[in-house]
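Work through the exercises below with the sequence and the coordinates at hand. Each task is followed by a solution in steps.

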2 protein chains.
Amino acid sequence: MSDRTGPLPHLLVIGGGFAGLWATRALAKAPLRITLLDRSNHHLFQPLLYQVATAGLSAPDIAAPLRHILRRQRNVEVRLGEATAIDATRRQATLADGAVLDFDYLLLASGATHAYFGNDHWAAHAPGLKSLDDALDLRRRLLLAFERAEACTDPAERAAWLSFAIVGGGPTGVELAGTLAEIARHTLRDEFRHIDPASARVRLVEAGPRVLASFPEALSEKARRQLERLGVEVSTGVPVTAIDAGGYRLGEDYVAARTVVWAAGVAASPLAHSLGVPLDLAGRVPVEPDLSVARLPHVFVAGDLAAVKRADGSPVPGVAPAAKQMGRHVAAAIRARLRGAVARPFRYRDFGNLATIGRMAAVVDLHGFQLWGLLALWFWLAAHVFFLIGFRNRLVVLLNWAWAYWSYQRAARIILGGAGSGEQRPTRG
Amino acid sequence: MSDRTGPLPHLLVIGGGFAGLWATRALAKAPLRITLLDRSNHHLFQPLLYQVATAGLSAPDIAAPLRHILRRQRNVEVRLGEATAIDATRRQATLADGAVLDFDYLLLASGATHAYFGNDHWAAHAPGLKSLDDALDLRRRLLLAFERAEACTDPAERAAWLSFAIVGGGPTGVELAGTLAEIARHTLRDEFRHIDPASARVRLVEAGPRVLASFPEALSEKARRQLERLGVEVSTGVPVTAIDAGGYRLGEDYVAARTVVWAAGVAASPLAHSLGVPLDLAGRVPVEPDLSVARLPHVFVAGDLAAVKRADGSPVPGVAPAAKQMGRHVAAAIRARLRGAVARPFRYRDFGNLATIGRMAAVVDLHGFQLWGLLALWFWLAAHVFFLIGFRNRLVVLLNWAWAYWSYQRAARIILGGAGSGEQRPTRG
């Protein structure tokens with residue numbers, strides 16, 4: 001159905017995240033046929049994914065069906081599926097179901113996945129957080145750990161179930177650790193009869209010298225102190241050297257912990273390899289100033305998958321605003337190409353960084369303008385609600401937050417995927 | 001932890017549905033230790049489960065953590081786990097994780113499961129709807145069917161993906177069929193490029209002479225006409241005689257359909273067998289007038305698992321109000337037992353029946369007082385929101401309904417559990 005039979009050139013966009021969706025929307029009036037391919041049926045608002053994992057929001061609150069978002073854009077067809085290989089020269093992508101899609105232009109925006117730095121066997125014991133399924137799996141593990149602790153009678157095993165480690169002190173790690181500490185100390189209060197959830201050990205482990213390394217040092221320090229006030233143990237400067245089913249090794253010390261969460265590293269989607277061009281160390285695709293690939297001018301890369309440098313040589317970070325800007329830039333570059341012009345080089349506009357720490361505080365760095373504490377939280381809240389897609393989602397998220405703020409409760413403390421059977425580290429299909 | 005070491009007798013409640021939870025709450029001041037055991041961590045508001053399956057509500061909207069509901073009732077401990085066997089004589093229950101719980105009194109309220117009337121191999125092709133996991137699996141199948149139809153090029157296969165059958169014309173079947181027809185005709189409008197979702201065939205199949213058999217005939221007829229207005233094909237009087245991966249056989253006719261939903265029969269939870277008493281044909285436990293089991297006076301059964309007759313000899317239906325009444329009655333019977341008295345016999349107070357048909361109509365039978373159409377829908381809505389547990393849930397559900405009413409949209413059209421790979425009938429873990 002996507003063969004080049006139509007009169008218009010065909011753009012295949014792989015990935016309906018911020019980069020792919022923003023590029024697609026910016027091409028609404030371009031003389032193109034567009035196919036947007038994604039493994040999921042929804043666009044995901046990733047900055048709030050940790051709240052689904054920590055049971056504050058439901059999965060549908062932070063997602064919107066791609067078909068619905070794009071229903072009125074008549075030059076787009078949305079296709080649910082997974083690309084497994086790209087032949088850039090023959091201009092074809094192969095899908096997991098065997099279908100082959102031809103294209104004239106390709107935008108590869110399939111994003112990042114977890115990276116375990118050569119320790120892929122850690123993945124089974126320390127899951128990461130990239131999709132809604134990841135978030136529901138993590139929610140399940142976090143809630144089940146308290147259930148297992150309540151049911152078991154051996155003190156050492158109980159302590160291991162109440163020992164949590166979050167590996168990686170970036171925004172996701174900080175947000176997960178702060179929220180988990182609040183769940184243990186407040187949300188679950190009075191609910192157990194054999195354990196005190198407040199005695200849970202929540203540890204945030206960062207191999208580098210400080211948490212939130214992309215923020216100014218003063219804000220890192222504020223974030224650390226706020227985490228410690230919430231009861232999070234913050235360990236910096238020592239790397240995790242092993243993770244297994246029973247715990248993790250930090251430097252020389254082995255710590256028993258049944259729940260380890262990976263928030264330390266991302267690598268580019270493996271699809272990048274099939275472009276046949278050299279990738280950087282994180283598996284990302286180096287791109288030209290217009291975000292196309294050298295010697296493959298009809299192929300563009302945007303979002304977490306693109307290795308892009310700023311004017312000062314530092315890399316453009318893997319955050320939502322950067323992905324949106326790249327997506328819009330690729331749209332402009334393709335529009336320029338279609339009329340025989342040349343696009344301006346991509347320039348990242350860095351508006352700043354935000355991260356929350358528990359339900360009462362955040363840190364905000366707007367380059368020369370810093371906020372922290374409750375004021376920063378309000379700023380964070382406004383920014384996130386503003387950027388959420390869909391009026392209903394905004395209202396529901398606001399309502400859930402107001403309720404969580406007043407009650408300390410979490411709206412979505414529901415274990416899905418089977419809970420009662422005896423297995424300890426279940427996986428979801 | 002639950003051995004009879006304490007001074008108070010120990011009541012084990014198996015099942016945190018309407019019967020088990022209402023019994024537990026009614027015993028808040030009784031001189032008992034209570035353990036409430038459930039396979040899930042949540043109480044589920046089953047009457048709205050079809051709305052989770054049809055993407056109108058999120059799973060957490062209709063569920064609340066059992067621990068949270070009971071956190072202030074100090075004589076209760078909530079335990080997550082699945083009972084696999086009961087030894088009524090030795091007064092012990094064995095759990096799937098190997099633990100053994102002793103009890104002095106037992107309330108068995110583990111509910112019902114799907115029954116395929118001896119055709120258990122149909123289960124893989126026609127899933128039923130009892131738990132949140134069932135609902136999310138069904139949501140996934142319904143939404144994926146349209147995706148598969150859009151992606152496939154063979155007209156016969158496409159038609160099979162757009163052919164849906166709901167087997168069973170009770171309230172669940174009627175509610176699923178009406179909502180699915182609206183999704184096909186309204187919600188998905190404009191979103192596909194190769195199929196017209198409105199051309200989907202939604203068929204409600206009832207072996208008996210009419211849908212909603214428990215309602216007065218006039219309301220059954222109104223429901224049928226309303227379903228047909230929504231585009232549902234209603235087949236009555238002919239049984240389904242086969243279901244396989246490609247479709248179903250209705251009488252002599254084989255109908256190609258990739259999505260068949262089972263709403264036809266329930267059977268009592270298999271746990272009933274381990275009581276060692278004769279069960280009725282549906283696997284339910286016949287009970288004495290006080291809801292205890294003959295010759296096992298310390299064992300009570302309530303909810304869908306109990307075979308209870310009304311004064312006129314007809315069975316008490318498997319609906320939420322009946323389960324709540326039985327749960328409260330068991331609490332009264334145990335309180336009477338504890339002070340050496342005898343409980344009054346259980347008497348079911350039947351307040352009536354309700355069912356919705358799409359987003360604009362319902363039928364309500366209050367025994368002598370009938371409502372239908374939009375007025376009945378408002379009645380239905382008020383009743384359901386009133387009985388939902390939790391202030392936040394009520395608000396979110398109301399908000400979602402208002403939004404769905406105005407926009408024809410469904411708030412939770414998110415496929416979870418992996419969507420993009422090639423398999424056609426995936427299952428979730």
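This is a predicted model: local features need pLDDT of at least 70, side-chain atom pairs count only at pLDDT 80 or more; totals for chains, interfaces and linings use all residues.

Residues are numbered from 1 along each chain as its sequence is written, and chains are lettered from A and ligands numbered from 1 in the order in which they are written.

**Exercise 1.** Describe the overall dimensions and burial of chain A.

Solution. Start with the box: along the principal axes, the C-alpha atoms of chain A fill roughly 70 × 50 × 45 Å. Next, take the radius of gyration (over C-alpha atoms; the globule rule is 2.2 Å times the number of residues to the power 0.38). Chain A has 22 Å, which agrees with the value near 22 Å for a compact globule of 429 residues. Then count burial, where a residue is buried if 20 or more other C-beta atoms, placed from the backbone, lie within 10 Å of its own. By this rule 52% of the 429 residues of chain A are buried. Finally, list the secondary structure as DSSP runs numbered from the N terminus (helices: H or I, at least four residues; strands: E, at least two). Chain A has 10 helices and 25 strands.

**Exercise 2.** Is helix 1 of chain A largely enclosed or open?

Solution. List the buried residues of helix 1 of chain A: Phe18(A), Ala19(A), Gly20(A), Leu21(A), Trp22(A), Ala23(A) and Thr24(A). These are seven of the nine residues in the helix (18-26), so the rest of the structure largely encloses it. Then look for the cover, using contacts (C-beta atoms, placed from the backbone, within 7 Å). The cover includes strand 1 (10-14), strand 2 (33-38) and helix 8 (320-338) of chain A.

**Exercise 3.** Work out the strand order of the open sheet of chain B and what packs on it.

Solution. Strands pair if DSSP finds at least two bridges between them. The four strands follow the order 13-12-11-17, with parallel pairing. Strand 13 (232-236) and strand 17 (259-262) of chain B each have a single partner, so one side of each lacks a neighbour in the sheet. Neighbouring strands are turned by 20 degrees against each other on average, direction ignored. Helix 6 (residues 171-187) of chain B packs on this sheet, touching strand 11 (163-167), strand 12, strand 13 and strand 17, and its direction makes about 170 degrees with that of strand 12. Such angles run from 0 to 180 degrees between N-to-C directions, with axes fitted to C-alpha atoms, for helices over the stretch in contact. For the pair of strand 12 (residues 201-206) and strand 13 of chain B, there are five bridges. In this chain, Val205(B) is opposite Ser235(B) of strand 13.

**Exercise 4.** Where is Gly178(B), and which residues does Gly178(B) touch?

Solution. Gly178(B) sits in helix 6 of chain B. Gly178(B) counts as buried because 30 C-beta neighbours lie inside 10 Å. Leaving out residues up to four places away in sequence, Gly178(B) touches Leu227(B), Leu230(B), Val232(B), Thr356(B), Ile357(B) and Gly358(B). Gly358(B) is 180 residues away in sequence, yet the C-alpha atoms are 4.5 Å apart.

**Exercise 5.** Which residues touch the most other members of the largest nonpolar core?

Solution. A nonpolar core is a set of buried Ala, Val, Leu, Ile, Met, Phe, Trp, Tyr and Cys residues joined through C-beta atoms within 7 Å. Among its 275 residues, the answer is Leu107, Val167 and Ala302 in chains A and B. Contacts of Ala302(B) include Ala19(B), Leu107(B) and Met326(B).

Technical notes:
A residue is buried if 20 or more other C-beta atoms lie within 10 Å of its own, exposed if 12 or fewer, and partly exposed in between; C-beta atoms are placed from the backbone. Two residues are in contact if their C-beta atoms, placed from the backbone, lie within 7 Å.
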